[in-house]
Amino acid sequence: MVRRKKSGTASYLQSYASQRTNQSTERIPVNRWAGEEEEKPTTPADYFAVREADAEKELEEQGPSCAWRPEQYHKSPQQLWETVRSEATADSLAEPALASFLYSTILGHSSLEQSICFLLANKLASSTLLSTQLMELFTSVLKSEPGLAEDMLCDMLAVFDRDPACDKYCQCLLYFKGFHAIQAHRIAHWLWTHGRQTLAMALQSRISDIFHVDIHPGARIGRGVMFDHATGIVIGETAVIGDNCSILHHVTLGGSGTGTGDRHPKIGNGVLIGAGVVVLGNVKIGDGSKIGAGSVVLTSVPPHSTAVGVPVRLLKRKDTSPTDPFVDPALEMDQISFIEDWSDYII
């Protein structure tokens, strides 16, 4: 797994990590029919059943597969904020024209949360929805729900880990609209779930106008999520996105028909969804799966699978070695290796 390991601690997530202290860090193989002595599934139903059985066993023994877990090299909130300020100070000295901008967005604030609120308020403001109003609203929401600040921190760490174009933490904070869209949605979702649907919809409309990302405020998004490039992403009301997912531009998680109720996709933990993918209906993309760019998904995809095509079909490996159980596609961001490592369709 290629990830940039930086110095720091994960103490800021001790409360989250403590839930897993008694869980083994060893992952079970997810392709248990790859050995010569084991019978391979011969039908799509058999294949899906075996994958689901493996996932359920892993969930029972070790907790959620591919869920967000703090790494030892991840920085604490204070360390991250100090690093962001240091980067902004260096940039203001190198580019004096940006000194006022960097002061107003980063150096003039006392915390990372305040900086994010200021940035979002100014980006989403309009002639009738003032930045001061939005700043007050966003700050009050974060005070009411401290977990949102942790989610924002996890998202920033995820972008720095996975995006090779992100050289500094302050770049993600200041310039990456996928990061901005997710954080603004988190606030809109809080409003939606606390009886303030009208304001949530107004905020969602501004998010769509400014970031070109259309996420219904009812949609649920886990932590450690990255929208890469982000333009054209559409996510429906009852959609769910798990932890550690990476989603590229022009992805649609949509419904089908005019019916109400639970009608949108459910994306598991650690899923990589390539550019231009369309997922329609109340289908499930299993943990640790990879969906190739341009695919159309109309049926559920088992955990730890690679699927491509229109409509989507599952691929099988060329060799007989088990799939590496330690590889999470969303962290690797590898969208083309299945061409060499995988061949024929299973379904």
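This is a predicted model: local features need pLDDT of at least 70, side-chain atom pairs count only at pLDDT 80 or more; totals for chains, interfaces and linings use all residues.
Two packed helices are described by the angle between their axes and the distance between the axes. For helix H5 (residues 112–124) and helix H10 (residues 197–211), the axes come within 10 Å and cross at roughly 80 degrees. H5 is therefore roughly perpendicular to H10, since angles of 65 to 115 degrees fall in that class. On the H5 side, the contact is formed by Leu 120, Lys 123 and Leu 124; H10 contributes Leu 203, Arg 206, Ile 207, Ile 210 and Phe 211. Classified by residue type, this contact comprises 6 nonpolar and 2 charged residues, with no polar ones.

H5 also packs against helix H9 (residues 177–193), at an angle of about 95 degrees and with the axes 11 Å apart. This pair, too, is roughly perpendicular. Here Ile 116, Leu 120, Lys 123 and Leu 124 of H5 meet Phe 179, His 180, Gln 183, Ala 184 and Ile 187 of H9. The contact of H5 with H9 consists of 6 nonpolar, 2 polar and 1 charged residues.

Elsewhere in the chain, Ser 295 lies in the loop that links strand S12 (290–291) to strand S13 (296–297). Ser 295 counts as buried because its relative accessibility is 1%, the cut-off being under 20%. Beyond its neighbours within four places in sequence, Ser 295 contacts Gly 276, Val 277 and Val 278, together with Ala 307, Val 308, Gly 309, Val 310 and Val 312.

Conventions
Residues are numbered from 1 along each chain as its sequence is written. Side-chain values use heavy atoms; hydrogens and water are left out. Axes are lines fitted to C-alpha atoms, for helices over the stretch in contact, and angles run from 0 to 180 degrees between N-to-C directions. Helices (H or I, at least four residues) and strands (E, at least two) are DSSP runs, numbered from the N terminus. Angles under 35 degrees count as roughly parallel, over 145 as roughly antiparallel, 65 to 115 as roughly perpendicular and the rest as oblique. Contact means heavy atoms within 4.5 Å. Ala, Val, Leu, Ile, Met, Phe, Trp, Tyr, Cys and Pro count as nonpolar, Asp, Glu, Lys and Arg as charged, and the others, Gly among them, as polar. Buried means under 20% relative accessible area, exposed over 50%, partly exposed in between (1.4 Å probe, protein chains only).
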